[in-house]
Every structure is written in structure tokens, then in C-alpha cells.
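Keep the viewer open as you read.

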Amino acid sequence: MTRRNLGVLIGIMSLAIMSRFDSIISPSVAAIQASFPRADPSTVESVVSIGSSAAIVSALLFGQLLTRMSFRTAACISCLCVALGGLMPLVVHGSVSQLLLFALVVGFGVGIATTVLPSLSARFFRGKQLAALMGLVLAVQDGSSMLVLALGGVLAKGGWLHNYWLYFLALPALVLVIFMVPGVGAVEEESEKAVRSEASSSQKSGQCWWATISCILIGFLSIFLVAVLYNKLAVYIAKYGLGSTSAAGVALMFNTGSSVVVGLSINGIKRVCRQWTIPVAFLLMALGALLFLTTRSFPLVCLSAFLIGSGSAINMATCPFYLSNLTEHKRYPLVMGVFSATTSLGFTASTWVFKAFSSAFGLDPVTGSFMGMLIIALLAAVMLSLVRFQSCVESRFIEQ
């Protein structure tokens, strides 16, 4: 690894840590509700989730802008948005509406970061090195998220406003981005040979649009399904008397921790599962849903959360790598912007879709959600296996 690539790696890790800052305030939701008793509880909960809506917009916008803008500029805008949106509540915090506005600013910055990360990685790394790096980014994202949420919970004991102090971490991230992220764009200056290569790449991309759309849909489904845990796990534990209110947080740590394990071992997982990696990922999610439906034990709840998180993490580490091979370099930021926006949409849509599914079949919302997860995950695994999706994509388009 060259000295320049090492510097880029530091910049990538800084952005990876910051890309989960939209959830920093999660431990303080109940305390914020207590401070604003007249506010609708759902509105207060939106302080954590509303950033996903802004992330959809910024991912699509900067997916296009990155074809003309340097990585450093985009990353700096991301850090500034996160710092501004996260630190302003320390000064202005008179209403829930103000907190929602600042959460939108943070979410906008996070959407930029999640779009820059894969594009920046693909610009300087290739093949198995890129695949391993994308797994490492996922591990750093979710590993740092666990630490930040735990620290946020400690700070929130002194008042929910203290939770916002963690956004000061965006400032050192900004400094690292300024010095470590190169001021180059998504596409290298092309020689005549590169132009001919790009023409060949363009022809290839015209042949593999189906694979690109499939990878985006796989990412959407992965986040759409794992969102059930975040929406229903606390209700599930309370309904069956499996623990106190903190039990859901412990179980979710197993879900998040699975991303760290998968991220650090993604190349090994691919060597074992080969062309069945993505179907296996969906089978892990189906198995987790099945355990939720058939068992009533807290240790098995933690195991189920780990299995579901592992399946989602495998797909979220694999699909961006595939897309980097399926897409022209100059179009990759736009494609990853669409990918990021689509996954954010999956998280947002999950609650409403599974609510409608449960109502349509007269099921309990919790049971219906996990049953829906089981059915969708199994169908995805079977369909991807029957059409040999990975085999087709890897043999024709993937750089090993």
C-alpha cells in the first residue's frame, strides 16, 4: 500500500465513523419526550429517523455532483453538515420542531458520506483489496456506532442535551478529511488508452443493467428486512416478557456486532460460500425470523438478531463491490447515490409495508412482521439460487 493510499484509508475510516452519526441521539428519545410532554411521541421518535429522509435527497444529489466535484469538497460538506446539525441543539433547543430541523441537516450530511465512501474506495482500490476494504468500512461503521451509542447513553444520564456533545467528534473528522482525502474527482484524467477502455466499459454497462438493478434491489431488501428488528424488537421482548426495556438494546448490539464480524471476514465468507454467498445471506435472515416466530428465549433472541444482522451485512458488503465492477467509473457515484437512497427508503418503508401486510392477513403486527420477513427472505434466496445470479455476474463482470 502506497503512502497516498494509506492517507486515503485514514480519510475513508474518518468518514465511515461519521456516517452513523444520524443515530447518536437514540439513547435520549425518552428524555426528550419527558422534556416536551405535549409533543406527539411519534414526532419525538422522528428526531432519530427523520435523517433518513434527508439522506435520500443528499445521496441522489451528490451521486450526480460527484461526477463534477472533488471527493475532498464533498466530504468537507458532509462533515460540516453533521457538525452544524449536531451542535446547533446545544444553542437552540426550545422545541421538538427545532430538533427535527437539525436532525435533517445531520441526515443530509450522512447521506453525502455514505455516497462518497464507496466511490472514494473504488477510486483508489481494486479487486480483492476493494472487497476487503468495503467489508472493513462496514465493520468500522457499525463498530463505532455501538461505541458512540453506548457513550451517548452515559452522557444522556446527565441530561439529554449532553448527548449532543458527541457531535464535536465531527470536527476532528473534518480536519482528517481536509488533509487525507485527495482533491480529485471520481474519474481520473484519461489518456487515449483510457478513453478506449471507457468505451469498452460503456458497452459492458449497457449489457449489465439487469445486474446493476438487481444489486440495488438486494440492498433495498436487506435494509428493508433488518429494519423490522429496529421497529419491533422492543415490542417483541415486552410482549413475551423476555426482559426489561434495556434488553432490546442488548439484543440490537448483537445485530450491530454481526456487521463487525462479517465486515472483517467478508473475503473468507465469500471463499466458503462462493456463488451462493447472497442466497446464504438471505437464508440467515430467514432463519433468524423463524427463530423469532417459534421460540421465546432471550438468548435465542440475541442469536436471531445476530443471524439477521449477518445476512444483511453480507449483502451490504457485497453489493457495493459488485456495483463498482458493473458501472463505469464516472457513473459509479451516481449509482451509489441511488443505492444509498434506495436503502434509506427501505428502512423508512419497512414499518408501513409490514403494518399493511399484518392488517391484510389479520395478524398481530409483531408476528406479521417476522412472518413477512421469513417469506420475503426465503423467496429471495430461492430466486437468486435458481437464476444463479452470482455465478452469472461474477463470471462476466467481476474483477477478482
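Start with Asp142, which is buried at 10% relative accessibility. Bear in mind that this is a predicted model. The side chain of Asp142 meets that of Arg20 in a salt bridge, with N and O 3.2 Å apart. Arg20 sits in the loop between helix 1 (3-18) and helix 2 (29-35), while Asp142 belongs to helix 7 (residues 127-156), so the pair ties together parts that are 122 residues apart in sequence. Arg20 is partly exposed, at 24% relative accessibility.

How many salt bridges does the structure hold? There are three, and here they are side by side:

| Arg20 | Asp142 | 3.2 Å |

As background, side chains of opposite charge can pair when their charged atoms come close.

Now for the Lys239 pair.

Glu328 is buried, with a relative accessible area of 3%, whereas Arg331 is partly exposed at 43%.

On to the helices. Is helix 6 largely enclosed or largely open? Of its 29 residues, 22 are buried, so helix 6 is largely enclosed by the rest of the structure. Its length checks out too: at 1.5 Å a residue, helix 6 (residues 96-124) should span 42 Å, and its end C-alpha atoms are 42 Å apart, which agrees.

For a helix pair, look at helix 12 (residues 277-294) and helix 15. Their axes come within 8 Å and cross at roughly 155 degrees. Angles over 145 degrees count as roughly antiparallel, so that is what helix 12 is relative to helix 15. The crossing of helix 12 and helix 15 is left-handed. On the helix 12 side, the residues making the contact include Ile278, Phe282, Met285, Ala289 and Leu293. Helix 15 contributes, among others, Phe370, Met373, Leu374, Ala377 and Ala381.

Val228 is in helix 10 and is buried, at 1% relative accessibility. Which residues does Val228 contact, leaving aside its neighbours within four places in sequence? They are Leu233, Ser350, Phe354, Ser369, Phe370 and Met373.

Arg274 has a positive phi, near 55 degrees, despite being a residue other than glycine. Arg274 lies in the loop between helix 11 (245-273) and helix 12, and at 57% relative accessibility it counts as exposed. Arg388 also isn't a glycine, yet its phi is positive, at about 50 degrees. Arg388 lies in the loop between helix 15 and helix 16 (389-396), and it is partly exposed, with a relative accessible area of 40%.

How values were computed. Residues are numbered from 1 along each chain as its sequence is written. This is a predicted model: local features need pLDDT of at least 70, side-chain atom pairs count only at pLDDT 80 or more; totals for chains, interfaces and linings use all residues. Side-chain values use heavy atoms; hydrogens and water are left out. A salt bridge is a side-chain nitrogen of Lys or Arg within 4 Å of a carboxyl oxygen of Asp or Glu. Helices (H or I, at least four residues) and strands (E, at least two) are DSSP runs, numbered from the N terminus. Buried means under 20% relative accessible area, exposed over 50%, partly exposed in between (1.4 Å probe, protein chains only). The expected span of a helix is 1.5 Å times one less than its number of residues. Axes are lines fitted to C-alpha atoms, for helices over the stretch in contact, and angles run from 0 to 180 degrees between N-to-C directions. Angles under 35 degrees count as roughly parallel, over 145 as roughly antiparallel, 65 to 115 as roughly perpendicular and the rest as oblique. A crossing is left-handed if the near helix is turned anticlockwise from the far one by less than a right angle, and right-handed if clockwise. Contact means heavy atoms within 4.5 Å.
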